[in-house]
Each structure stands twice: as structure tokens, then as C-alpha cells.
Amino acid sequence: MTDTPTVAVFRPDDERLENATALLADLGADAVADPMLAVEPTDATPRTDADYVVLTSKTGAELVSAAGWEPGEQTVCAIGPATADALREAGYAVDIVPEEYTSSGLVAELREEVDGARIEVARSDHGSPVLLEGFEDAGAYVHETVLYRLVRPEGSGESTELAAAGDLDAVCFTSSLTVEHFLEAATARGVREEALAGLADATVGVIGDPTAETAASLGLAVDVVPEEATFDALARETLEAVDDGGE
């Protein structure tokens with residue numbers, strides 16, 4: 001490993017990517033910014049006849065605010081502090097943020113109180129089924145509104161060639177889709193197998209068990225899954241693992 005580890009990050013090309021690369025730099029890493037997600041809004045808004053409405057991302061919070069959504073008497077739930085902060089900045093009251101910042105964490109928090117309730121889940125087109133199935137199992141009536149689609153940006157994939165050349169010390173995947181798009185980009189550049197081999201010698205950090213499962217199903221060995229589902233925790237624990245030799 002080099003004295004300054006090279007770490008690829010795949011967040012959308014906005015302040016999230018800027019903040020991620022700044023954090024990695026502060027932690028002593030050389031960040032490779034290779035956005036694997038771009039947002040295509042659908043211009044839909046959450047239904048207002050539900051008892052609970054669930055927002056799962058900062059992007060979703062910003063889109064509903066721009067669309068002028070008014071939640072009325074609904075109980076507003078945010079998965080994680082970034083989503084909650086974005087909602088509050090837009091002037092919304094946030095009623096529930098689960099102790100565990102995941103879909104399963106929110107389901108666990110609400111399981112005992114949603115039997116017979118109507119729940120609106122407003123998110124991207126690649127949301128995990130955990131929320132919908134979990135709430136339905138708890139007896140709720142669930143509706144999903146797709147606020148935006150997530151696509152792979154044109155020209156993405158610089159990091160796949162670095163991985164193929166063995167020039168990455170670590171990667172930080174923030175969702176299953178970033179893993180899938182990374183490998184799609186590698187395939188498009190003709191380096192999929194080489195990139196997989198390169199990541200076998202690197203430290204692979206991911207947010208959440210679903211992302212870890214996706215990575216494993218696609219041939220990636222995951223080294224780090226932080227208990228706290230935030231990029232800050234992911235970056236810090238991934239770099240700690242790099243310092244420890246990837247274990």
C-alpha cells in the first residue's frame with residue numbers, strides 16, 4: 001500500500017461527492033471521484049392521504065420541497081440524519097428518524113404501531129423491497145411513489161480502469177446500485193474481470209447489508225460494513241481497514 005491510499009468514491013456529482021472527497025482528503029486519502037449515479041426526476045409527489053410518509057434520501061427531500069409538497073397531518077419519517085436534515089432545511093417537521101439508519105431499522109421502530117395504517121413510501125426507482133414488505137407484514141397498507149430514477153452517468157468508469165491496473169487501495173460503495181453501475185462501467189470498458197481481480201486486492205467498504213449482499217453476489221469480497229449507515233462511518237472504517245492491511 002502507498003503512504004497515501006487511493007480510494008474511489010461513487011456518490012452523485014453534487015455536494016455529496018464534494019463532501020465525500022473532502023472527507024477522504026482530511027483522512028489522508030487520495031480520492032478518485034467517479035459518480036455512478038445521476039438523478040432523473042419523475043415530477044411525482046407523495047400521496048397526502050396516508051397516515052405516514054417515508055422519505056429515504058436527501059434527493060427525495062429536495063425534490064418534494066421543490067414540487068411544493070405539503071404533508072398535512074401525516075407523520076413524516078426520514079431514514080437517516082442526512083434525509084432528516086434536508087427535510088428540516090426545507091421547512092418540514094420530521095417526526096421519526098429510526099435509531100438504526102436503514103429500511104429494516106425504520107420497520108422495526110414502527111412495527112408495533114402501523115397495523116391498519118396507510119404508509120406512503122416516496123423514493124427512487126431502485127428502493128429496497130425491505131420497506132414495503134416489512135410494513136405489509138406489520139399489517140399496514142403501503143403505497144410507493146417513485147420520485148426519481150437513478151441512472152449511470154455517461155462517461156463514468158475511470159475508477160474501473162484504475163482497479164483493473166491494481167491502482168486502487170479501496171472503494172466506498174454507498175448502495176447496491178453503485179456496485180452494479182461500477183461493474184456495468186467496467187464491462188463497457190472491457191475490464192470487468194480485471195477490475196474484479198484488482199478489487200480482490202483492495203479494501204471494499206459498503207453501506208448496509210443489502211449492498212454487501214449485492215457485492216457478494218457479483219463476485220466482490222466485502223471487507224467493511226460500518227454499523228452506522230453513513231458515508232462518514234464508511235470512509236473512516238474503510239481507511240482504518242486499509243491501514244490494517246485490509247483485514
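1. Val-151, leaving aside neighbours within four places in sequence, is in contact (heavy atoms within 4.5 Å) with Met-36, Leu-37, Ala-38, Glu-40 and His-181. Val-151 belongs to strand S7, residues 141-151, where helices (H or I, at least four residues) and strands (E, at least two) are DSSP runs numbered from the N terminus. Between Val-151 and Leu-37 there are 114 residues in sequence but 5.6 Å in space, C-alpha to C-alpha. With a relative accessible area of 28%, Val-151 is partly exposed, a class lying between buried, under 20%, and exposed, over 50% (1.4 Å probe, protein chains only).

2. A note on the basis of these values: this is a predicted model, in which local features need pLDDT of at least 70 and side-chain atom pairs count only at pLDDT 80 or more, while totals for chains, interfaces and linings use all residues. Residues are numbered from 1 along each chain as its sequence is written, and side-chain values use heavy atoms, with hydrogens and water left out.

3. The chain is divided into domain 1 (6-37 + 154-245) and domain 2 (40-151), with bounds that come from an automatic or database domain assignment. Their centres, taken over C-alpha atoms, are separated by 27 Å, and the contact takes nine residues from domain 1 and eight residues from domain 2.

4. Thr-174 is placed in the loop between S8 and H7 and is buried, its relative accessible area being 17%. Neighbours within four places in sequence aside, its contacts are Arg-11, Ile-207, Thr-211, Phe-231 and Leu-234.

5. The axes of H1 (residues 15-26) and H10 (residues 231-243) come within 10 Å and cross at roughly 35°, the axes being lines fitted to C-alpha atoms over the stretch in contact, with angles running from 0 to 180 degrees between N-to-C directions.
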